[in-house]
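Me: Could you take a close look at one part of this model for me, the place where the two chains meet, and walk me through it slowly?

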Amino acid sequence: MTAAIRALLTSPWLALAFRLYLGGLFVYAAMYKINYAAEFSTTIASYRLIPYWAVNVMALVMPWTEIICGAMLLLGVRVKSVTVIIGGLLSVFTLAIFINLLRNAPISCGCFHTLEDPISWWTVLRDLTWIGMTVHVHYFDSVLQTDQLFLGKLRRIHT
Amino acid sequence: MISPKDTPDAPGSLTGTDRQLFHLKSLYEASSALAVPARPADLLRAFLPVAMGPLGLTFGFGILLHAGALTIESLGLQPPAADLYRASGLDLVHKFFPEDAAPAHPSRPVILAGEHLSHDPNLPMGTAAVIALSMGAGTHAVLGFGPKVAGVPLDADETRLLDGLASVLGHALNNATAMECVRDLNTSLARRNDDLHRALGESERAREALSRHTLQLRALYETTLEMIDIHEPGGILDAFLLSLMGTLSFTGGWIALYGPGHGRAEAVCRGLAPCVREELVSETGRGAVLARFVALKDRIPHANHACLVDDPEERQALPAQADAAVLFTLDQGWQGAIGLSAPLSGERDDELLDEDARQLLHSLVANFMVTLGNARQLDLIRELNSELAARNVDLQTTLDALTSAKREIDVQTKAKEHLVALVHGEVERVWRASWLDICLILLAGATLGILYNLSSPGGIDLVPKSLLAPPPVMIEAAEARRLARDDKAVIIDARPGDFFLQGHIPDAVNLPEDLFEFVYSMKLSDLDPAVPLLVYGRNISRRYDADVARQLELLGHERVLLIKGGLDAWNGLGPEEAP
């Protein structure tokens, strides 16, 4: 039973499912932010963690980074590096939400749209779940990767 | 010889002068009898009657030791007594002349006479006198005489006579001994002369042999000296032929040398027609010479040996004229022949070369073969060296090519290792988190974001306007409270509505930037532009107050002021006191 659970938890196919989910999630989240950069900039500013001179830059760079990472996850390209970036972004988001929850700031998450429900501990839990999925993908994802398709044979070359 | 009987008177009746005359005559006769050259033994034999006669003695004997030989003579003694002295005579001599005594010189005789001698066991019975004579150099004599016939003892005169006779005998023995020595010396000298003549003859023959050997050795030496500096086989053949002709006195000659294969022939000739050489190197000449080797059968010279061709018919069968010919064999299948013709002596018989000349010819040919063999070995070594040098060049070329190939292989191997390591590293980077990939992704995101923002109509400023705009007029919170109370200034909260609802300055109007136009038209459009507007609301991420104040100034408001410290500074003033 335990082995079966362990096999299930370490299954590359489960990692593939998480990878596709996270990839789609990030692509979806980035689409709105890219089109409404001003609103996303306001959302970032509402967290009151970024210096005001860096907020706009972050509002421009972060959605494109998310959409690139999401696309690479969907395609299975540089999965480990992408999961590190996504894990880092999710950790920052979670930490920011956590801090603002402690501040009792009346802000929404801004993860997908400008107008959303205010942040809550459920939001933190959701982000932590996504972080767990990212870690799973980082360690167990190995199927249906474009890298594997093109570079798998080269990996067998030994010096 | 005279005797007392021959004298007119008997001895006993002679006068003194007559006796002396008689004794002198006796001495004279004894001297005459012993003066003839004779051997000592003959003298002794002749002396006994000469001495016994004048004295009238009954017997006498003599023992002579000369040159190690003992001679016994007796007269008047019975045979047994004479035989006794043949056995013991030497002891009797040694009794008078001991063996270990120093060599005696010639001396006068010693006479022993008396009655006691007649009873001496070493002497014959009745011996009246004994005389001992020494001639020196190992020649001694002992004489013994019996009594007188008359039975009377010897008187003094007779004793002197006996002494004189003994002296005569001594001189005669000395002379005989000397003569014998002279004879021996003559004999020895003659023998030595003969030996010397023989030795002289042998010496002459040895000198002649030595001269011949010297000549041969000189010829060998000169021939060797001529050939030693020549390293070409052709030159050696020519030099040797010339030397051989000079040494053995021939006016013509040739040498032919044939190798193991056809066409390998060398020949030289001197004093002969030029066509002889062509004949020698031709196949016909080769066949004629090699046929002589076959004809020799079991006498074929083996390697580095030579043999003279003694048979005139065999010499005639050679390809060129040869009054003397030699066949020789070198190693490695090389064979050849030497022919000499037309001797200076003009003789043309079978014994043209004597034994010395044949031996010299053998030695010269042997030396020639050694030199020729060395030259051929040198040629072979040269060829091998040339071949070795060529192979060394090829080997060096191959080695250089191999070294170059090895360098190329090393370079290619390093390149391959580098490429494989690079590919491997790059491939492995795909399956691990790489800072390079992360940086590239972030860089791509930043680039795309900025480019998209620049090309998008709804793009935002990369740098906030509040950062570049002139600094707004700021007032302290206390001054702001006085203006609000005295000049009826309007307090504007520029923060988003949610933050306004959480807390704000009393009577403040919420004017967030995103709802600016709507709220302004609803609440502030009728306001006198001269009324002071006190704006607040900023945090680390956004300067709401500055943005809203700038828009208010654009709408014509003359006094827009920012409260320094915002809500926190206002709340820090405490509750407002009633006027």
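Reply: A salt bridge is a side-chain nitrogen of Lys or Arg within 4 Å of a carboxyl oxygen of Asp or Glu. With that in mind, and remembering that this is a predicted model, we can turn to the boundary between the chains, where the count between chain A and chain B is one salt bridge. It joins D437(B) to R78(A), and the closest N and O atoms of this pair are 3.3 Å apart.

The contact as a whole draws on 47 residues from chain A and 37 residues from chain B, and the area buried between chain A and chain B is about 3800 Å², with carbon and sulfur atoms giving 69% of that area.

One piece of this boundary involves two helices, and two packed helices are described by the angle between their axes and the distance between the axes. The crossing of helix 7 of chain A and helix 9 of chain B is left-handed.

From helix 7 of chain A, the residues D147(A), L151(A), L154(A) and R155(A) meet V423(B), H424(B), V427(B), E428(B) and V430(B) of helix 9 of chain B. Sorted by class, the contact of helix 7 of chain A with helix 9 of chain B has five nonpolar, one polar and three charged residues.

Notes:
Residues are numbered from 1 along each chain as its sequence is written. Chains are lettered from A and ligands numbered from 1 in the order in which they are written. This is a predicted model: local features need pLDDT of at least 70, side-chain atom pairs count only at pLDDT 80 or more; totals for chains, interfaces and linings use all residues. Side-chain values use heavy atoms; hydrogens and water are left out. Contact means heavy atoms within 4.5 Å. Buried area is the accessible area (1.4 Å probe) that two parts lose on being put together, summed over both. A crossing is left-handed if the near helix is turned anticlockwise from the far one by less than a right angle, and right-handed if clockwise. Helices (H or I, at least four residues) and strands (E, at least two) are DSSP runs, numbered from the N terminus. Ala, Val, Leu, Ile, Met, Phe, Trp, Tyr, Cys and Pro count as nonpolar, Asp, Glu, Lys and Arg as charged, and the others, Gly among them, as polar.
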